[in-house]
Amino acid sequence: MALERLELLSSHACFGGEQRFYKHFSVNEIGLPMRFGLYLPPQALAGQSVPLLTYLAGLTCTEETFAIKAGAQREAARLGLALLSPDTSPRHTGIDGEDHHWDFGVGAGFYLDATEHPWAGHWQMESYLLKDLIPGVVAEFGLDGDRLGLTGHSMGGHGALTLALRHPGVFGSVSALAPICAPTRCPWGRKAFLGYLGQDEDTWAAHDASRLMADVKASPYPAGILVDQGLADQFLAEQLCPEVFEVACAQVGQLLTLRRHPGYDHGYYFIASVIDEHLRHHAACLGVTAA
């Protein structure tokens with residue numbers, strides 16, 4: 001499938017590859033222009049069909065945040081991984097309050113398909129990623145669609161865990177950094193779900209990684225899931241709840257490596273400190289052998 005009205009906004013040489021930023025029109029899912037970042041390692045530029053790791057960013061971020069702040073391109077170039085960084089939500093929708101809904105600031109997409117007015121018209125982020133952006137990027141740039149990984153931070157960590165569990169067989173690897181692990185239990189998640197999905201809390205469970213994991217019959221990712229969490233994270237106790245996901249994984253026999261890091265907060269200094277190990281985790285799960 002093709003990405004409609006694909007436009008290269010900028011390209012930057014980076015560790016032998018290229019960090020690019022694009023705009024395209026999401027006709028069927030969002031109905032608006034969307035932006036994304038794409039790092040093509042030197043192997044891809046040389047014509048190899050390399051695996052694709054998608055990174056879902058957190059609240060207030062854009063398609064540029066991960067590419068600029070995380071420093072992931074060096075290891076991605078060594079391993080031969082393409083890195084896709086979507087924007088977090090639709091922009092310029094004309095909806096009153098778009099820029100500050102639920103007091104989150106711009107970018108509270110939560111990586112789900114909204115069903116409630118006024119958000120349902122454009123906030124179809126799950127369908128956008130799974131039906132539009134990821135397959136479109138794979139086809140457009142000749143990437144290996146059989147080797148897809150998914151990771152993310154905070155709200156994006158919620159998205160990575162949830163989408164990986166909701167779409168078995170699509171992703172060969174999953175990890176998360178300081179994810180919202182039990183959104184039906186935390187203020188951020190409950191406020192978002194109420195706005196996007198409505199008052200029927202039974203519908204919320206389908207977008208809660210801990211509850212999704214508790215319902216599986218067998219380990220969905222036998223090679224393991226990697227989660228990193230800073231213990232100086234100001235949102236840890238009230239919003240993130242990694243211990244809930246840890247219990248759910250243990251109950252169903254899902255191998256989980258949950259690493260807790262003293263002194264690290266919620267920001268990109270933490271992400272930059274651990275991101276290389278996440279790339280190596282995905283590379284191992286996807287069968288990448290670095291030179």
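These legends describe close-up views of a predicted model.

**View 1. Helix α5 is largely enclosed by the rest of the structure.** Helix α5 covers residues 155-166. It has 12 residues and reaches 16 Å from its first C-alpha to its last. That is close to the 16 Å expected at 1.5 Å a residue. Of the 12 residues of α5, 11 are buried, so the helix is largely enclosed.

**View 2. T151 in strand β6.** Strand β6 takes in residues 148-152, and T151 lies within it. Is T151 buried or exposed? T151 counts as buried because its relative accessibility is 1%. The side chain of T151 makes a polar contact with the side chain of S175, at 2.8 Å. Setting aside residues up to four places away in sequence, T151 touches L53, T54, Y55 and L56, among others.

View 3. With a relative accessible area of 16%, under the 20% limit, D144 is buried. A polar atom of the D144 side chain lies 3.0 Å from the backbone nitrogen of D146. Residues up to four places away in sequence aside, D144 touches S49, V50 and P51.

**View 4. The cysteines C186 and C241.** How many disulfides does a search of the whole structure find? The search finds 0. C186 is in no disulfide, and its nearest cysteine sulfur, that of C241, is 6.1 Å away. C241 is likewise in no disulfide, with the sulfur of C186 as its nearest cysteine sulfur. The separation of 6.1 Å is not within 2.5 Å, so this pair does not count as a disulfide. C186 is buried, with a relative accessible area of 0%. C241 is buried too, with a relative accessible area of 8%.

**View 5. Positive phi at C241 and A178.** C241 is found in the loop between α8 and α9 (242-252). C241 is not a glycine, yet its phi is positive, at about 55 degrees. A178 has its place in the loop between β7 (173-177) and α6 (187-197). Phi of A178 is near 45 degrees, a positive value in a residue other than glycine. A178 counts as buried, at 0% relative accessibility.

**View 6. A cis peptide bond at P118.** The peptide bond from H117 to P118 is cis. Its omega is near 0 degrees. P118 lies in the loop between β5 (82-86) and α4.

**View 7. Aromatic rings and a charge over a ring.** A pair of aromatic rings is described by the distance of the centres and the angle of the planes. With centres within 6.5 Å as the rule, the count comes to 9 aromatic pairs. Ring pairs link Y22, F36 and F141 into a cluster. R5 lies over the face of F25. The distance from R5 to the F25 ring centre is 4.3 Å.

**View 8. L231 in the loop between β8 and α8.** Strand β8 spans 225-230 and helix α8 spans 236-240, with L231 in the loop between them. At 42% relative accessibility, L231 counts as partly exposed. Leaving aside its neighbours within four places in sequence, L231 is in contact with L236, R260, H261, P262 and Y264. How far apart are the C-alpha atoms of L231 and L45? They are separated by 39 Å. Along the chain, L231 and L45 are 186 residues apart.

**View 9. R74 on helix α3.** Helix α3 covers residues 73-79 and includes R74. R74 is exposed, with a relative accessible area of 54%. R74 and E201 are 43 Å apart in space, C-alpha to C-alpha. In sequence, R74 and E201 are 127 residues apart.

Note on methods: Residues are numbered from 1 along each chain as its sequence is written. This is a predicted model: local features need pLDDT of at least 70, side-chain atom pairs count only at pLDDT 80 or more; totals for chains, interfaces and linings use all residues. Side-chain values use heavy atoms; hydrogens and water are left out. Rings of Phe, Tyr and Trp (its six-membered ring) pair if their centres lie within 6.5 Å; planes under 30 degrees apart count as stacked, over 60 as edge-to-face and the rest as tilted. A charge sits over a ring if NZ of Lys or CZ of Arg is within 6 Å of the ring centre and within 35 degrees of the ring normal. Helices (H or I, at least four residues) and strands (E, at least two) are DSSP runs, numbered from the N terminus. The expected span of a helix is 1.5 Å times one less than its number of residues. Buried means under 20% relative accessible area, exposed over 50%, partly exposed in between (1.4 Å probe, protein chains only). A polar contact is a pair of N or O atoms within 3.5 Å; within protein, one must be able to donate a hydrogen and the other to accept it, and residues adjacent in sequence count only if both atoms are side-chain atoms. Contact means heavy atoms within 4.5 Å.
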